Amino acid sequence: MTEPAHAAHQASSYASSVARSQALGADLALHPERYRILTGDRPTGRLHIGHYFGTLENRVVLQNKGVPLFVLIADYQALTDRDATSTLPADVLEILADYLACGIDPGKATIFCHSHVAALNQLMLPFLSLVTVSEISRNPTVKDEIRSSGRDYVTGMMFTYPVHQAADILSMHGTVVPVGKDQLPHLELTRTIARRFNERYSPDAPYFIEPTGLLGNAPLLLGVDGEKMSKSRRNAIQIASTPDETAKLLKGAKTDPDRNITYDPKHRKEVANLVLLASLCLDSTPEAVAEEIGDGGASALKALVTDAVNTYFQPIRERRSQLIADPAQLVAILREGNERACEVADATLRDVQQLMFTKYY
Ligand code: TRP
């Protein structure tokens, strides 16, 4: 395939992903019970307010509308770019505390992790047989991650994790996957695997439903330095940050010398980002927040946004500190989620074995 044709193909596949996402969003509101959300995060540290406004908040909204929700703490996927596993036990409980504090309800949602759901991992093998090495090699998100990993080698785990992600989704029969743009290649691969499995092993009645990516419409929050908010850049306000830590981070936030505060993401991205953050916490619009500050300058803006963030997250942080103080309770919640996920994945694996003629008794 020539490069331009390849680019055109990618553009049209993005357009169809957007169209599918929009149609799905409309139907989700009408028939929440017909769907199952499968989503996940790598446990690589505490979640930040970018995660909150980008996806956690919407997961809770959908959960409360009655869409069944499965949330994966992707502990094996965390091994794509790091060797150390000794921090995983703490990291898994931290992310679980973030989820629960933000309103993911273990009475409604199933929260689970890779390492304790054996049948999910076993699906990786038949799924690997359904994709080619060149298909795996083409994945642009994996290519980016390899480039930014700083390593001069690529592990098999890094190379194949999108196939593992297909097992995450299909083992649970997830039909809706809330995603950012970077995850779309993985979702396309999952759809391919589902389709090929059906063609090869279940031609009369498709067994797997091809999942649909639900593209978020939340505006993208930047870190306090105006760059991508990221756990590793130390530019992120964590959900768990204290009011003082929040104030300190925001005090050091990058701005510009123009005292007249406006919302102009194109030309004043740092100032616009603070205005946006305040508006999200105040349930207002960026324009209204900018108007309110007027020519009060960056210090007035920082004072306002600090207060807005600390007020908004106060009850979430309070719940979180109670949760993290009781690790035994967190472990019990994880165990229950894992048990439920095992029931679902075991049933899927049994079906798969049956359809592939590898179920001998
Ligand atoms: N790849 C996702 C990320 O890095 C995490 C993830 C793992 C995931 N398995 C998933 C997301 C399944 C959606 C569905 O954020």
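A nitrogen atom of the ligand sits 2.7 Å from an N or O atom in the side chain of Asp168, which makes a polar contact (a pair of N or O atoms within 3.5 Å). Around it, the protein covers 87% of the 370 Å² of accessible area that the ligand has on its own, as computed by the Shrake-Rupley method with a 1.4 Å probe. This is a predicted model, where local features need pLDDT of at least 70 and side-chain atom pairs pLDDT 80 or more, while totals for chains, interfaces and linings use all residues. Residues are numbered from 1 along each chain, and side-chain values use heavy atoms, without hydrogens and water.

Let's look at the other partners of the ligand. A nitrogen atom of the ligand is 3.0 Å from an N or O atom in the side chain of Gln165, and an oxygen atom of the ligand is 3.2 Å from one in the side chain of Arg42. The residues around the ligand (a heavy atom within 4 Å) also include Leu38, Gly40, Leu72 and Val177. Helix α8 gives the most to this shell, with three residues.

Now move along to helix α11, residues 269–282. Helices here are DSSP runs of H or I with at least four residues, numbered from the N terminus. Is α11 enclosed or open? Eleven of its 14 residues are buried, so α11 is largely enclosed by the rest of the structure; buried means under 20% relative accessible area, with a 1.4 Å probe and protein chains only. Among the buried residues are Glu270, Asn273 and Cys281.

Definitions and conventions:
Helix = DSSP H or I, 4+ residues; strand = E, 2+ residues; numbered from the N terminus. Expected span 1.5 Å × (residues − 1). Buried < 20%, exposed > 50% of the residue type's maximum accessible area, 1.4 Å probe, protein only. Polar contact = N/O pair within 3.5 Å; in protein donor to acceptor, adjacent residues only side chain to side chain.
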